[in-house]
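This note sets out numbered points on the structure shown below. It is intended to be read with the model open.

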Amino acid sequence: MNPYILFLLLFALGLGTTTTFASSHWLLAWMGLEINTLAIIPLMTQLHHPRAVEAATKYFLIQATAAAMLLFASVSNAWLTGQWDIHHMHHPFPTTLIILALALKIGLAPLHGWMPEVLQGLNLTTGLILSTWQKLAPFSLMLQIQTPNPTLLISLGLLSTLIGGWGGLNQTQLRKILAYSSIAHLGWMVLILQFSPSLTLLTLLIYITMTFSLFISFKMNHSTSINTLATSWAKAPALTSIIPLILLSLGGLPPLTGFMPKWLILQELTKQDLTPAATLAALSALLSLYFYLRLSYAMALTISPNNIIGTLPWRYSTKQLALPLAMSAAMTLSLLPLTPATLALFTL
């Protein structure tokens, strides 16, 4: 892709997200989301592959449906309350419809069906943008909405954690596994959204850091399926020793960073007398941990066949993404001791 066109598209991505961040009017927020959608579709189709075109078409249709629902709900809210302001959401009908529209945009269960198929048709760089940056604008709107019905968000969160864990169990493609991982982590964020918005924001930032590390690692390793992970040691031994730790951090094992948000969310749910929801969320984390362990086993404890037909590839060196990977991997693996300082920073 032409560098000038690439710069223009990335600028439009940033502009759309910033517009949604800065808006207090529903029409302006809707415009920011639409700019975001229109900017990422050319990035999806830059490979000119049938799977990429199919993924971009599915993504466009889903986002257009969610945008139409959002616009209809905001118009209904303005008709019922006389206000276009995002903070004035008091009627249950437009509030519920807007939450469902935003859930469709970010891929929350049971509106998650498009997420694995779309992510499978993209390359790892565009998939990283879809899994991280595209979540920011809808979440900024969800953080501003005062939900009159807390059961809706709790149901969406628990369903997402369960489906995100179950869906990734029998997958062999890394991008689909990462899609179900995204669904499960979004469920944890939505589960605590109405009780502690600062904790939701902390969980989102930690998830973005861990996912960035994993996508960059797979990109440097040229891995798209579980079978290709077995050849990782021959290509990049140092990277192969780091990726299982990043995977276990995503699974939420102590003493890695991914344990921090799960621990704090379970603690907050228990304080809110939601012990059954906390127990179900903790059990669903075991499902996600299983396929993270499966990936770690395929990478660290298996050896690919080395015969005349299939030989190990010669190791190569690439330095273009080494610095961002080193920084994000360090945060992914070692932020847990800084939990008190992090909490103090997010509660200011």
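**Notes on the model**

1. His48 is found in the loop between α2 and α3 (50-81); helices here are DSSP runs of H or I with at least four residues, strands are runs of E with at least two, and both are numbered from the N terminus. The phi of His48 is positive, about 55°, although His48 is not a glycine. Most residues other than glycine have a negative phi, and most peptide bonds are trans. His48 is exposed, with a relative accessible area of 70% (buried means under 20% relative accessible area, exposed over 50%, partly exposed in between, with a 1.4 Å probe and protein chains only).

2. On the basis of these values: the model is predicted, local features need pLDDT of at least 70, side-chain atom pairs count only at pLDDT 80 or more, and totals for chains, interfaces and linings use all residues. Residues are numbered from 1 along each chain as its sequence is written, and side-chain values use heavy atoms, with hydrogens and water left out.

3. A second residue with positive phi is His222, a residue other than glycine whose phi is near 55°. His222 sits in the loop between α10 and α11 (226-229). With a relative accessible area of 56%, His222 is exposed.

4. Where are the cis peptide bonds that join Ala109 to Pro110 and Pro254 to Pro255? Pro110 belongs to the loop between α4 and α5 (114-120), and omega of the Ala109 to Pro110 bond is about 5°. Pro255 belongs to the loop between α13 (237-251) and α14 (259-271), and the bond from Pro254 to Pro255 also has an omega of about 5°.

5. As to the overall fold, the chain has 17 helices and 0 strands. Its radius of gyration is 20 Å, close to the 20 Å that the globule rule gives for 348 residues, so the chain is as compact as a globular protein of that length (the radius is taken over C-alpha atoms, and the rule is 2.2 Å times the number of residues to the power 0.38). Along the principal axes, the C-alpha atoms fill a box of roughly 75 × 50 × 35 Å. Of the 348 residues, 53% are buried. Of the contacts between residues at least 6 apart in sequence, 78% join residues at least 24 apart, where contact means heavy atoms within 4.5 Å.

6. The accessible surface of the chain is about 15,600 Å², and carbon and sulfur atoms account for 71% of this area (Shrake-Rupley method with a 1.4 Å probe; for residues, only the protein chains shown count as cover). There are 13 positive and 6 negative side chains, and the centres of the two sets are 19 Å apart. Lys and Arg count as positive and Asp and Glu as negative, while His and the chain ends are not counted; the place of a charge is NZ of Lys, CZ of Arg, CG of Asp or CD of Glu.

7. Helix α7 (residues 136-144) is largely enclosed by the rest of the structure, because 8 of its 9 residues are buried. The buried residues of α7 include Leu136, Phe139 and Met142. Their cover includes α1 (3-22), α2 (26-44), α4 (92-106), α8 (150-167), α9 (174-191) and α10 (197-221). Ser140 is found in this helix, α7, and is buried, with a relative accessible area of 12%. Not counting residues up to four places away in sequence, Ser140 touches Thr20 and Phe21.

8. His185 lies in helix α9. Is His185 buried or exposed? At 6% relative accessibility, His185 counts as buried. Leaving aside residues up to four places away in sequence, His185 touches Tyr207, Met210, Leu250, Lys262 and Tyr292.

9. In the model, residues 233-254 are 82% helix, with end C-alpha atoms 25 Å apart. Residues 321-346 are 81% helix, with end C-alpha atoms 29 Å apart. Residues 1-22 are 91% helix and 0% strand, and their end C-alpha atoms lie 30 Å apart.
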